[in-house]
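Thanks for coming. I will go through one model today, starting with its layout and ending with its surface.

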Amino acid sequence: YQRRVHGGHFLSVYFFSKASVFGVCMDHEQQFAQGLNSTLLPLATKYQDGINAINASQKALEHKIDKLTMELTQALGAATMPDVSHYLNVLTAARRRMTAVNDKLKIIRDRLLRLHSIALQKHWALTPATSPRALST
């Protein structure tokens, strides 16, 4: 019987008896082989063309990647670093100012603690003898 397959080709398939397998029907085997060949050859050609196109595309992509890598390497070598010395000076000055402010705050805190202890001493010295502290001594 014949069967239509991909691409409009006909595949002839024959059923052989044991006698035909051993060479009695060589003509039918040749027809089967030709039918199979005519069916598979266009598919194989189509897939080989696709593989060739993919290989060409991959080679083009590889070339573009190599070119881009080279351009980026050249750009990196040619790039100059921006001048950041001004910003470093600003940061250094800000650090000095912060240190100065912290020193002044420490001095103010120490003075406040001293004033507080003096105020407590004066308060207890001026408090009448009925205060809890005076009774405990």
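**Layout, confidence and surface**

The protein chain has four helices and two strands, where helices (H or I, at least four residues) and strands (E, at least two) are DSSP runs numbered from the N terminus. Along the sequence the order is β-β-α-α-α-α.

This is a predicted model, so to speak of local features we need pLDDT of at least 70, and side-chain atom pairs count only at pLDDT 80 or more, while totals for chains, interfaces and linings use all residues. Residues are numbered from 1 along each chain as its sequence is written, and side-chain values use heavy atoms, with hydrogens and water left out.

Now confidence: pLDDT is the predictor's confidence in each residue, from 0 to 100. The chain has a mean of 77, with 74% of residues at 70 or more.

How much of the chain is buried? Of the 137 residues, 6% are, buried being under 20% relative accessible area (1.4 Å probe, protein chains only).

Last, Leu105 lies in helix α3 (residues 85–126).

Notes:
Buried < 20%, exposed > 50% of the residue type's maximum accessible area, 1.4 Å probe, protein only.
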